Amino acid sequence: MRENIEYWIDLLESAYILTHDIDKIIRPIRNNDIIKKVLNAYLFKVNRTLAGIILLYKNNFNEEGQILVRTMFELLLDFSFFTNILKTEPEIAGRRIIDSLIIEKAKQLRASNYDGVPENIKLDIEKWESEVKSRYSIDDIRKLRRYGFSMVSVEEKAKLTGHESIYNIMYRNFSRNSHNTDFMESFLQIQAYEADGYEELQVSRDSIAMETTFITIYNTIQSLNTVFKLSFNDRIEQLKRKFDMLKKNNDETISGN
């Protein structure tokens with residue numbers, strides 16, 4: 001079982017090297033292009049999350065790693081949704097991201113009664129929030145405040161971006177590890193209960209986690225390679241071939257069990 005994880009970690013480490021190389025190139029050339037800035041910020045978040053996943057799985061913190069895989073899936077949904085808006089309404093894509101950030105920051109600061117926030121920053125936030133509100137209906141502001149730039153729930157985003165099956169299989173399952181409400185994993189780990197096939201379940205669960213992580217990385221680097229007109233086609237294709245081979249072997253191992 002551990003050998004299976006090590007193969008996935010090796011793949012993800014190769015992907016991390018590539019995303020890190022891409023980040024070094026695109027930072028100086030993003031200029032004042034809001035779309036490129038958003039994509040660069042997204043890549044930064046993906047890189048940090050990927051590094052955390054690798055670190056946790058390397059040290060056998062698989063259940064804890066699932067929390068970050070859940071975050072990675074949310075990044076996949078946001079990225080997919082954002083690129084869809086870019087295709088249909090490019091003029092509002094970047095603006096919507098910034099507007100949602102302002103609405104969220106204003107909500108956070110107001111909840112803390114602006115504790116520790118300098119008066120000039122408070123006034124700036126309130127001014128920006130007022131400008132954002134002037135561009136949207138009351139209902140849309142409510143959606144921005146609740147769901148962020150997509151203005152829809154995580155489940156709806158999954159449906160709209162074609163990732164509903166991953167949501168149903170992985171997201172709901174991994175969410176329990178983000179909250180202190182389900183001790184089933186702990187019971188099984190400390191052998192408080194006997195469960196036939198638990199090791200096979202772990203292999204299947206961790207493989208889904210690794211696949212989801214790689215799919216997020218792959219979609220990210222493909223899009224960045226295109227938007228920034230980079231020349232990483234060969235390295236991206238090499239990663240994809242490695243993934244396809246690993247997934248094929250992994251599926252055969254699981255079905256053989």
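Are phenylalanine 81 and phenylalanine 149 buried or exposed? Both are buried, where buried means under 20% relative accessible area, exposed over 50% and partly exposed in between, with a 1.4 Å probe and protein chains only. The model is predicted, so local features need pLDDT of at least 70, side-chain atom pairs count only at pLDDT 80 or more, and totals for chains, interfaces and linings use all residues. Residues are numbered from 1 along each chain as its sequence is written, and side-chain values use heavy atoms, without hydrogens and water.

**View 1. The ring pair of phenylalanine 81 and phenylalanine 149.** The ring centres are 6.0 Å apart and the planes lie at 75 degrees, so the pair is edge-to-face. Rings of Phe, Tyr and Trp (its six-membered ring) pair if their centres lie within 6.5 Å; planes under 30 degrees apart are stacked, over 60 edge-to-face, the rest tilted. Phenylalanine 81 sits in helix α3, and phenylalanine 149 in the loop between α6 (138-147) and α7 (154-160). Helices (H or I, at least four residues) are DSSP runs numbered from the N terminus. The structure holds eight aromatic pairs.

**View 2. An aromatic cluster and a lysine over a ring.** Ring pairs join Trp8, Phe214, Tyr218 and Phe243. Lysine 240 lies over the face of tyrosine 218, 6.0 Å from the ring centre. The criterion: NZ of Lys or CZ of Arg within 6 Å of the ring centre and within 35 degrees of the ring normal. Elsewhere, lysine 122 lies over the face of tyrosine 114, at 5.0 Å.

**View 3. Helix α3 (residues 62-88) against helix α4 (residues 90-111).** The axes come within 6 Å and cross at roughly 145 degrees. Axes are lines fitted to C-alpha atoms over the stretch in contact; angles run from 0 to 180 degrees between N-to-C directions. Phe82, Ile85, Leu86 and Thr88 in α3 meet α4 residues including Pro90, Ile92 and Arg96. Contact means heavy atoms within 4.5 Å.

**View 4. Threonine 220 in helix α10 (residues 198-227).** Its relative accessibility is 1%, so threonine 220 counts as buried. Beyond neighbours within four places in sequence, threonine 220 touches Tyr42, Leu43, Val46 and Phe79.

**View 5. The largest nonpolar core.** This core has 53 residues; Ile22, Tyr57, Phe73 and Phe82 have the most contacts inside it. A nonpolar core is a set of buried Ala, Val, Leu, Ile, Met, Phe, Trp, Tyr and Cys residues joined through side-chain atoms within 4.5 Å. Another core, of seven residues, lies apart, with Ile102 and Tyr136 among them.

How values were computed: Helix = DSSP H or I, 4+ residues; strand = E, 2+ residues; numbered from the N terminus.
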